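Here are a few exercises to work through with the model open. Try each task before reading its solution.

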Amino acid sequence: MKRDPQRPEEGPSWPEQPPATLASLLSSSAPEEAEGAELKLTPPVWIFGYGSLVWRPGFEFTSSKVGFIRGYSRRFWQGDTFHRGNERMPGRVVTLLEDCGACTWGVAYEVRGEQIAASLKYLNMREAVLGGYDTKLVKFHPQEKDGGEPILALVYIATPQNPSYLGPASEEDIAAQIIVSSGCAGHNIEYLLRLADFMRYFCPQAEDKHLFSIEEALISILPCLYYTEDSLDETASVSQKSKS
């Protein structure tokens, strides 16, 4: 059963295992599908999520922690033609930009035993193959005061070399693109608002100007959009009455 990502639970104690490469854990995948396959992973494995993984990990895990990684900023610069968009109208989802002095908040999930291979194969399809992300190892800092030393965690990052990478745009343009985009996982608006809610409720002390500026722009655009649609409906109704 999948645990609540915001209510960490201690799992059973698993025996220590030697380091394994991501490629060996993804042995059923083709080599070209296992980006970052040379990374050495020592169980238990921690996976850091900073986008949809914070509310929908989609895999079984033993425990989870809210916290942050240093040296990266979260940006809605990655295109999405599957989860939150399509080929005709790509959605906008987040990736990480190297940014000295910045930090990005999210959730780290601990996976042990059989959970490791299962979660990595699932994420390889969700993030690498369908999402276009590469893998890196980063230091994760738990939010709780007694969280101990930083944890080495696996993270998925889309780079400018990715064919779906969209790059920078104004907050207003990003919000406008999010409003009209929807994919297999749902509407792009849901993605933005869930991420903003996570930051607001679980990391209230943290700043994410980029995220909240897009949310603000979206909220300001929506009434205008609905007003326009209502006005068009009223105009069409008046036109029909005048013809009759």
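**Exercise 1.** Which residue in E7 is the bridge partner of threonine 135?

*Solution.* A word on the ground rules: this is a predicted model, where local features need pLDDT of at least 70, side-chain atom pairs count only at pLDDT 80 or more, and totals for chains, interfaces and linings use all residues. Residues are numbered from 1 along each chain as its sequence is written, and side-chain values use heavy atoms, with hydrogens and water left out.

Step 1: find the strands, which like helices are DSSP runs numbered from the N terminus (strands E, at least two residues; helices H or I, at least four). E6 spans residues 134-142 and E7 spans residues 151-157.
Step 2: check the pairing, which requires that DSSP finds at least two bridges between the strands. E6 and E7 run antiparallel, with 7 bridges.
Step 3: read off the partner of threonine 135 in E7, namely tyrosine 156.
Step 4: look at the E4 side too. Strand E4 (residues 63-80) pairs with E6 in the antiparallel sense over 3 bridges, and isoleucine 69 has phenylalanine 140 in E6 as its bridge partner.

**Exercise 2.** Is arginine 74 buried or exposed?

Step 1: apply the cut-offs: buried is under 20% relative accessible area, exposed over 50%, partly exposed in between (1.4 Å probe, protein chains only). Arginine 74 has 4% relative accessibility, so it counts as buried.
Step 2: find its polar contact (N or O atoms within 3.5 Å; within protein, one able to donate a hydrogen and the other to accept it, and sequence-adjacent residues counting only if both atoms are side-chain atoms). The side chains of arginine 74 and aspartate 208 are joined by one of 2.9 Å.

**Exercise 3.** Which residues of helix H3 are buried?

*Solution.* Step 1: in H3 (residues 171-179), pick out Ile174, Ala175, Ile178 and Ile179.
Step 1: view them down the axis, taking directions from the axis to the C-beta atoms. The buried residues fall within an arc of 140°, so they line one face of H3.
Step 2: see what leucine 218 touches (heavy atoms within 4.5 Å). Leaving out residues up to four places away in sequence, its contacts include Ala175, Ile178 and Ile179.

**Exercise 4.** How many disulfides does the rule give?

*Solution.* Step 1: look for cysteine sulfur pairs within 2.5 Å. The count is 0.
Step 1: Cysteine 203 is buried at 1% relative accessibility, whereas cysteine 184 is exposed at 64%.
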